[in-house]
Amino acid sequence: MPDQRKFYCLDFFPYPSGAGLSVGHGRNYVPSDVVARYHRTRGEAVLHPMGWDAFGLPAENEAMKRGVHPAESTTRYAANYKRQLELLGCSYDWDREINSSAPIYYRWNQAFFLMLVRRGLAYRADAPVNWCEICRTVLAPEHELALAVSTREQRSEVRSTIERATQHSDLERRSGDPDGVATGATAALPDGSRVPIYVADFVLADYGTGVVMGVPAHDARDFAFARRLGLPIRRVIAPCDADLPDALPLTEPGVVVGSGRFSGMDSATAQVAIAAWLEDAGVGRRAVHYRLRDWLVSRQRYWGTPIPIVHCPACGVVPVPEEELPVILPAIADYRPRGDGRSPLANVPAFVATSCPRCGGEAERETDTMTGFVCSSWYALRFADPHNERVPFAPEQVSRWLAVDLYIGGAEHAVSHLLYARSWTKALADEGLIDFREPFPKLRSQGVLHVRDQETGSVERMSKSKGNVVTG
């Protein structure tokens with residue numbers, strides 16, 4: 001009925017990069033289904049869809065690990081995920097099922113990308129990167145000394161930690177459980193003492209110098225890392241008010257203790273004094289750091305949306321005309337990175353060779369592909385009109401269902417995904433394609449599950465990347 005009240009209940013759609021859903025997924029999908037059923041009993045029109053975030057690095061890495069093609073593994077895994085969700089009794093509208101690796105979906109990734117180019121929001125630029133000869137891929141913003149300073153005994157573990165970190169975005173690494181290992185090396189402090197050096201996934205190469213001094217008593221991430229690895233935690237700040245709780249980590253301002261000449265200062269004054277002391281000694285300098293930066297959408301990998309750009313010797317960088325979309329991702333048997341810094345698509349002459357849309361001369365296609373976060377930046381809109389081949393979504397369908405009334409998913413993906421999805425939504429609003437600017441007014445996270453190692457007794461977050469998932 002046209003005047004029937006609507007309720008759009010949306011789960012983060014999963015990426016099929018594991019053989020089956022874990023019990024942690026059930027913790028997410030069952031409660032959201034209860035909410036959807038509740039609103040149906042109230043006589044409301046409920047949109048509760050499900051689909052598969054099938055493109056991207058996690059799915060490709062899983063396929064390489066299993067020795068299969070990502071098109072095969074994601075199709076098989078998605079079918080099993082669907083079977084498991086049906087066993088759980090989840091009442092999804094399977095008529096609206098979408099798969100981000102289908103051309104009918106990713107052609108609109110390409111159309112939106114061209115919109116961003118046209119609006120001056122997407123551009124091509126060079127940036128320094130770190131290259132891993134073992135992974136044969138670019139490492140996410142790791143320090144070049146990470147392996148260089150590692151002892152022979154620790155180098156293998158350090159390399160494994162770096163490889164795990166490459167499977168996550170910077171923002172995910174800041175918000176998830178910290179991961180890291182000792183390098184076996186030590187560093188000298190200004191007072192002459194020495195401290196052990198660790199690599200940790202939440203310390204990013206573009207933050208300061210990429211090397212930081214951990215202060216676990218007064219930083220939540222450092223504290224979690226120290227607790228996990230059993231490292232000593234030394235207090236250097238005490239509460240200003242004796243009546244305040246004295247629990248660690250203490251991240252609020254306080255009084256400096258156990259710090260030589262700086263003891264007794266308030267922490268804000270001490271911060272300035274310590275920085276000045278380091279500068280005077282010639283061993284450090286103050287700098288302003290900005291966390292907000294451009295979103296790097298390109299990947300030198302195979303399994304993703306081809307970027308609809310042509311490189312012409314005469315005309316330069318030329319967008320593919322929208323009427324020629326989609327630029328189809330070709331089926332190739334050997335999709336593994338070659339180790340030369342280029343996407344495997346660069347080795348497919350039939351894909352690379354093309355004509356310039358502007359002058360008609362010989363040209364080459366862009367061979368980088370888009371990060372999977374592009375797919376998830378607008379999928380909530382596609383669920384409103386999932387089978388439309390003429391436009392990405394009909395305005396009347398979006399007006400009927402959007403914005404999302406309740407969005408449910410894991411906090412480890414929320415920061416990066418929500419940042420990108422909000423930016424994408426605002427760009428679409430500026431283009432006049434939608435009439436709202438906030439896609440998810442209400443977000444709820446389901447929490448996390450932890451798993452205990454039966455041999456060591458240690459407890460850590462359940463995660464596919466850590467290989468400790470208990471499937472449902």
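Arg 96 counts as buried in this predicted model, at 17% relative accessibility, because buried means under 20% relative accessible area. The side chain of Arg 96 meets that of Asp 93 in a salt bridge, with an N to O distance of 3.2 Å. Asp 93, at 29% relative accessibility, counts as partly exposed.

Across the whole structure, a search finds 17 salt bridges. One of them joins Arg 124 to Glu 366, with 3.7 Å between the closest N and O atoms. Here Arg 124 is exposed, at 64% relative accessibility, whereas Glu 366 is buried, at 9%. Asp 430 and Arg 437 form another salt bridge, in which the closest N and O atoms are 2.8 Å apart. Both residues of this pair are partly exposed: the relative accessible area of Asp 430 is 44%, and the relative accessibility of Arg 437 is 38%. Salt bridges also link Arg 118, Arg 119, Glu 322 and Glu 431 in a network.

Nonpolar residues were examined next. In soluble globular proteins, nonpolar side chains tend to be buried together. The largest nonpolar core in the model has 77 residues, and those with the most contacts inside it are Tyr 8, Leu 10, Leu 85, Tyr 379, Leu 381 and Leu 402. Helix H4, which spans residues 103–118, gives the most to this core, contributing nine residues. When residues up to four places away in sequence are not counted, Leu 85 touches Leu 21, Tyr 29, Met 50, Trp 52, Cys 90, Tyr 92 and Trp 94.

Two sheets are described here. Strands of a sheet pair through backbone hydrogen bonds, either parallel or antiparallel. Strand S1 (residues 6–11) and strand S17 (residues 406–408) pair in the parallel sense over three bridges. Within this pairing, Tyr 407 in S17 is the bridge partner of Leu 10.

Strand S12 (residues 309–312) pairs with S13 in the antiparallel sense over four bridges, and Ile 309 stands opposite Pro 319 in S13. S12 also pairs with strand S15 (residues 362–365), again in the antiparallel sense, over two bridges. The bridge partner of His 311 in S15 is Glu 364.

S14 and S15 run antiparallel and are joined by three bridges. Ser 355 has Glu 362 in S15 as its bridge partner. The two strands, S14 and S15, form a hairpin with six residues between them. In the turn of this hairpin, Gly 360 has a positive phi of about 85°.

How values were computed: Residues numbered from 1 in each chain as written. Predicted model: local features only at pLDDT ≥ 70, side-chain atom pairs only at ≥ 80, totals over all residues. Heavy atoms only, no water. Core = buried A, V, L, I, M, F, W, Y, C linked by side-chain atoms within 4.5 Å. Buried < 20%, exposed > 50% of the residue type's maximum accessible area, 1.4 Å probe, protein only. Contact = heavy atoms within 4.5 Å. Pairing = 2+ DSSP bridges. Salt bridge = Lys/Arg side-chain N within 4 Å of Asp/Glu carboxyl O.
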